Amino acid sequence: MDVAEIVLVLAAGFGAGILSSSVGVASLLSFPILLAVGLPPVVANTTNTIGLIPAGAGGVLGYRQELRQVRGLAVRVVVLTGLAGSIGAALLLGLPSSVFEWVAPWLILGTCLLVGVQPRISRWLAARHPEGEDRSARVRLSPLTTAFVVLTGVYGGYFGAGAGVMMIAVLALGLDIDLRIIGALRTTSVMASNVVAGAVFVVVADIDWTVVALLAVSSIFGGYVGARIARRMPASPLRAGVVAAGIVAAITLWT
């Protein structure tokens, strides 16, 4: 890579770290950039997964106060998504690369749609928990919520773009806890899925370690910053940028 590409990957890592802890769609920023600097789609995916693990660590650090409030629940979510992430990684490596190249654009566009309607989802979820309402009714994962947590973890291990948004929807619908805590659980679960999938990729997949190092260095700072400013970020411009990045990524994979 030349100097311009190095700077671009560093910026992508920092921005993806912010998105990982705030909106939950980090890969929609970093994945297209890895394609743009010349990585093949599957290599870009495995490299991106490992490179963004520090972003999750930074986000978890930023959310440590929220996670202390639901320590047991956090452990269960981490275990479930970690195991599920290994299944997703196995699917990515076990299926022909042409399957990923075919399905990835549609996964990205579906995620873009989910990000686009996220404000409506958030308003609806907030309406379910008006101020002053007792939110302690459901603090354990039901069998149905557990199943959807696992499915989201599998998706995270296979590709992961938008897994954070999906996890927020799953947990917010299945639990009666504060949305700030759900955001912390989202960030932790995505990191768990990435860690386990990344461990699988390290052993058996092709990885660009230079890009991993660049993403790791910049994304850990972005993850921490994202967790700290998640409640203050201007949502509309950020969401529009994420959707635009996703559309570019889908078009890149189709061409």
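Is arginine 228 buried, partly exposed or exposed, and what is its relative accessible area? The legends below take up this residue and its surroundings in a predicted model, where local features need pLDDT of at least 70, side-chain atom pairs count only at pLDDT 80 or more, and totals for chains, interfaces and linings use all residues. Residues are numbered from 1 along each chain as its sequence is written, and side-chain values use heavy atoms, with hydrogens and water left out.

**View 1. The fold of the protein chain comprises 13 helices and zero strands.** Helices are DSSP runs of H or I with at least four residues, strands are runs of E with at least two, and both are numbered from the N terminus. Of the 255 residues, 51% are buried, a term that stands for under 20% relative accessible area, with exposed meaning over 50% and partly exposed in between (1.4 Å probe, protein chains only).

**View 2. Arginine 228 lies in helix H12 (residues 209-229).** With a relative accessible area of 37%, arginine 228 is partly exposed. Together with Arg64, Arg68 and Arg71, Arg228 forms a surface patch of positive charge; such patches take residues with over 30% relative accessible area and no salt bridge, like charges being joined within 9 Å, and a salt bridge is a side-chain nitrogen of Lys or Arg within 4 Å of a carboxyl oxygen of Asp or Glu.

**View 3. Threonine 47 belongs to helix H3 (residues 41-51).** Threonine 47 is buried, at 0% relative accessibility. Leaving aside residues up to four places away in sequence, threonine 47 is in contact (heavy atoms within 4.5 Å) with Leu34, Leu39, Ile207, Asp208, Val211, Val212 and Leu215.

How values were computed:
Patches are made of residues with over 30% relative accessible area and no salt bridge: like charges are joined within 9 Å, nonpolar side chains (Val, Leu, Ile, Met, Phe, Trp, Tyr) within 5 Å. Accessible areas come from the Shrake-Rupley method with a 1.4 Å probe; for residues, only the protein chains shown count as cover. Lys and Arg count as positive and Asp and Glu as negative; His and the chain ends are not counted. The place of a charge is taken as NZ of Lys, CZ of Arg, CG of Asp or CD of Glu.
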